[in-house]
Each structure stands twice: as C-alpha cells, then as structure tokens.
Amino acid sequence: MKDRKRRLADAAIDVLGHDGVRALTHRAVDARAGLPPGTCSYHFPTRNALLTAALERIAELDLAESEGRDLADVLAAWAGSPRTRARFMLMLDPQARRELGEAAARLADGFVDRAERLTGSRARARLMIGLIDGLLLDELTRGTVGAEERRERLAAIGGILANGR
C-alpha cells in the first residue's frame, strides 16, 4: 500500500510540475499514475492530504538526492526538474500555502536545520536556502546556466555567507 501512495504522490508532483496547482485534482492524479478512478481519493481523501503528500514526497526526494553530493550537481538536477517547479508552485500559490500551513513549515524547518549544521548559524542557514532558491527560480524562469556559471554563483553565495553580508 505504501508503494501506491508513493506512486500517487509522484503523480501529483508531475501534475503540479507540468500543469500547475489548479490542475491538481484527484482524477488528474489517478490518470497520471495510471490507476483506476477513485484510487487517489481513497488514499488522500482531501485536497489538503494530497497537497501534503506531494510536498512531503518532494522533500523526501530532494533530501535523498542531495545527500553526499556536490551542491552544484544537485542544483543542476533540481533546476531542470518538474519537482522543483512543483515545489515553487506549492509555496507560491496562496491557497495551497494556506492549506499546507503546518506541513510546509515543518518541512522547511527540516531543511533549515540541515543547512544550519553546514553553516553554524540559523540565520546564515535561512540566507543560504533563500539564495539557493533564488538561483533555482532564476534558472526555472530564465533558463538553465552552464556548470561553470552555476559554480561561480555558488562561490558567490559562499562568499556572502563567509563574510556575514
């Protein structure tokens, strides 16, 4: 049963990443997952449950993908991913953000906690995440950059964090 929920969450991410928040329906997720109608509403009976499952799966995949890898390589993978578009859509859509509320805050805090271990400061961790999100948003909206430019951008972020500015 856990595999079916994961499959539905992955399908929800795909719908969000390609078609947007408004296109996310139980029926659309069933179709994208290739499952019979009603499967999604059985496992995630409310829109909030579906949104939360999608966001939790995004966080799970992002954390797993970033574990032990070079940050520039991670950002390159994330920049072209429908999953990243889905995350931004969930976080920027006012209604989805209200519906996600506590789940979004909990998952964001998990990333800040992880970044804090790297930076030594909660304020620098939040700054680092904000700057990296800005790089990702820039690449999603303006087009991906080359590996060398991405590394230069990350070096600039490192400089900002090191100087406390």
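Q: What pattern does the protein chain follow, read along the sequence?
A: In this predicted model, the protein chain reads α-α-α-α-α-α-α-α-α along its sequence.

Q: And how many helices and strands is that?
A: The protein chain has nine helices and zero strands.

Q: What box do the C-alpha atoms fill?
A: Taken along the principal axes, the box is roughly 55 × 30 × 30 Å.

Q: What share of the residues counts as buried?
A: Of the 165 residues in the protein chain, 39% count as buried.

Q: Turning to contacts, what percentage joins residues at least 24 apart?
A: The figure is 62%, counted among contacts between residues at least 6 apart in sequence.

Q: Which residues are closest to its centre?
A: Trp78, Phe111, Val112, Ile129 and Asp133 are the closest, out of 30 residues that line the largest pocket.

Q: Which elements give two or more residues to that lining?
A: They are α4 (47-66), α5 (71-79), α6 (82-92), α7 (94-119) and α8 (122-142).

Q: Which one gives the most?
A: Helix α7 does, with twelve residues in the lining of the largest pocket.

Q: How does that lining divide by class?
A: The lining of the largest pocket has 19 nonpolar, three polar and eight charged residues.

Q: And the second largest pocket, how much space lies in it?
A: About 170 Å³ lies in the second largest pocket.

Q: Which residues line it?
A: The second largest pocket is lined by Lys2, Lys5, Arg6, Ala9, Phe44, Ala53, Glu56, Arg57 and Glu60.

Q: Which elements give two or more of those?
A: Two or more lining residues come from α1 (2-19), and likewise from α4.

Q: How many residues of each class are in this second lining?
A: The lining of the second largest pocket has six charged residues, three nonpolar residues and no polar ones.

Technical notes:
Residues are numbered from 1 along each chain as its sequence is written. This is a predicted model: local features need pLDDT of at least 70, side-chain atom pairs count only at pLDDT 80 or more; totals for chains, interfaces and linings use all residues. Side-chain values use heavy atoms; hydrogens and water are left out. On a 1 Å grid over the protein atoms alone, a cavity is a set of points where a 1.4 Å probe fits but cannot get out, and a pocket is an open set with protein on both sides within 12 Å along at least five of seven lines; lining residues have an atom within 4 Å of a point. Helices (H or I, at least four residues) and strands (E, at least two) are DSSP runs, numbered from the N terminus. Ala, Val, Leu, Ile, Met, Phe, Trp, Tyr, Cys and Pro count as nonpolar, Asp, Glu, Lys and Arg as charged, and the others, Gly among them, as polar. Grid points are joined across faces, edges and corners, and a volume is the space filled by probe spheres set on the points. Buried means under 20% relative accessible area, exposed over 50%, partly exposed in between (1.4 Å probe, protein chains only). Contact means heavy atoms within 4.5 Å.
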